[in-house]
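Hi,

Here is the structure I promised to pass on to you.

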Amino acid sequence: MLITLARTLFLYTLVMVTMRLMGKRQIAQLEPFELVIAIMIAELAVIPMQDRDIPLINGVIAIITLLFVQVSFSVLSLKFLWFRSVLDGRYSVIIANGVIQEAEMRKARYNLDELLEQLRLNSVFNLEDVEFAVLETSGDLSVLLKSQARPVTPKDLQLETGYEGLPLVLILDGKVMHGELEKAQLGEGWLRTELEKRGVKDPGEVLIATLSTTGRLFVQLKEAVRRQRR
Amino acid sequence: MKLWAVMFLVMVLIVAGGLYLENTILKTTDQISRSLNTIQEAVRNDQWSDALELADRLDKSWSRYKTVWDPFIHNHDLETITIHLARLKTFLETADRGHALAELTNIEIQLLQLRQQEVLSLQNVL
């Protein structure tokens, strides 16, 4: 019983490290070869986990070999375009200049129902609004709407807008993020003063505090603290 | 690229380790086979105490090999040989010629299978 537990923990850690080394991608964004490797790794981990007769090393070697293959393929596909096309395939232009490309759909074995479904998932309900639709190698559909159907942007209205970068998270779950404070070239003293101005004595009472690029500090207190203050 | 280099090194180590293990298995099974032949001769000549002594020695050596091979080879295959060795010793103690020879053949076949399973060949890959 304890051996199964130890084997499971070991294999889980190995699979987690392997997946982490494979890169940051969600399942839906995996290329076909990556998906195959991910499924195989999961399966390889389960077999020696259940069967104690199978040496653990068998699973470990298979998983390491798959990781090596995946990393090698990724390196090769970064270096050679032809290799990338062989491995990932090519994207298909399903709608070009507002016209559905039937030959391309047949080639991709992609039917109209799938096209309409993916358009709806892209919040496009009227086929007439689509200028271009590209079926990506991951299976996602990228849609370019006709200029008349696109949402209005400040640029269309010739409005001047200021720079907006990523807000910095200064406090997360009561903990001061010193690294973020350094990025903003601010100290903890400044943060405490700002919190005191808002009636907060201890950063530990704060659920989240962010600083926008315009210098606005947003603070939300923890629910327990808010309840106490009511 | 750094990750690839590390992975490549790990793969080289795995291949080298695999080849070393394969070589060790071939050499050791050859050695055990020779010991089995000697035991067989002793049984045929009714030299029961000699046969038992040889079998004892072989059993001790096998325990050592088994400990080393255990993490790499299917446990069931190793256990089968251990069981047959134990049975062989009992038949030698009781001077049961028929059963002792049968057990010796059994161990020989198991060893041959182990050898064939661990060798890198197209047949095994497929």
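Before anything else, one term: two residues are in contact if their C-beta atoms, placed from the backbone, lie within 7 Å. Also keep in mind that this is a predicted model.

**Where the chains meet**

With that cut-off, 13 residues of chain B are in contact with twelve residues of chain A. On the chain B side, helix H1 (2–44) and helix H3 (75–93) each supply at least two residues. H1(B) has the largest share, with six residues. What classes of residue does chain B bring to the side that touches chain A? Ten are nonpolar, three are polar and none is charged.

**Chain B**

Chain B is made of helices: five of them, and zero strands. Reading from the N terminus, you get α-α-α-α-α. Of its 126 residues, 22% are buried. If you take the contacts in chain B with a separation of 6 or more, 58% of them are between residues 24 or more positions apart.

Now find the largest nonpolar core, which has 20 residues. The members that touch the most other members are B:Ile39, B:Ala51, B:Ala55, B:Leu88 and B:Leu92. Four elements of chain B give two or more residues to this core: H1, helix H2 (48–69), H3 and helix H4 (97–118). Which of them gives the most? That is H2(B), with six residues.

Leaving out residues up to four places away in sequence, B:Leu92 touches B:Trp48, B:Ala51, B:Leu52, B:Ala55 and B:Ala100. There is also a second, separate core of nine residues, and A:Leu11, A:Ala45, A:Ile63 and A:Val71 are among them.

**Two helices in chain A**

Next, look at helix H1 (residues 2–22) and helix H3 (residues 56–79) of chain A. Their axes are 10 Å apart and the helices pack at an angle of about 5°. Why can we call H1(A) roughly parallel to H3(A)? Because angles under 35 degrees count as roughly parallel, the angle of about 5° makes H1(A) roughly parallel to H3(A).

From H1(A), the residues making this contact include A:Phe10, A:Leu11, A:Leu14 and A:Val15. From H3(A), they include A:Leu56, A:Gly59, A:Val60 and A:Ile63. By class, the contact of H1(A) with H3(A) has ten nonpolar residues, three polar and one charged.

**The strands of chain A**

Four strands of chain A form an open sheet, in the order S2-S1-S3-S4, with antiparallel pairing. Which strands are at the edges? They are strand S2 (99–100) and strand S4 (141–145), each pairing on one side only. Strand S1 (residues 92–96) and strand S3 (residues 130–135) of chain A are joined by three bridges. One bridge to look up is that of A:Ser92, whose partner in S3(A) is A:Leu135.

Further along, strand S5 (residues 168–172) of chain A pairs with strand S7 (residues 206–211) of chain A over four bridges, in the antiparallel sense. Here A:Leu168 stands opposite A:Leu211 in S7(A). S7(A) also pairs with strand S8 (residues 217–221) of chain A, antiparallel again, over five bridges. In that pairing, A:Val206 has A:Leu221 of S8(A) as its bridge partner. The hairpin of S7(A) and S8(A) has five residues between the strands, and A:Gly215 takes a positive phi near 95° there.

Key: Residues numbered from 1 in each chain as written. Chains lettered and ligands numbered in written order. Predicted model: local features only at pLDDT ≥ 70, side-chain atom pairs only at ≥ 80, totals over all residues. Nonpolar A, V, L, I, M, F, W, Y, C, P; charged D, E, K, R; others polar. Core = buried A, V, L, I, M, F, W, Y, C linked by C-beta atoms within 7 Å. Buried ≥ 20, exposed ≤ 12 C-beta atoms within 10 Å, placed from the backbone. Axes fitted to C-alpha atoms, helices over the stretch in contact; angles between N-to-C directions. Parallel < 35°, antiparallel > 145°, perpendicular 65-115°, else oblique. Pairing = 2+ DSSP bridges.
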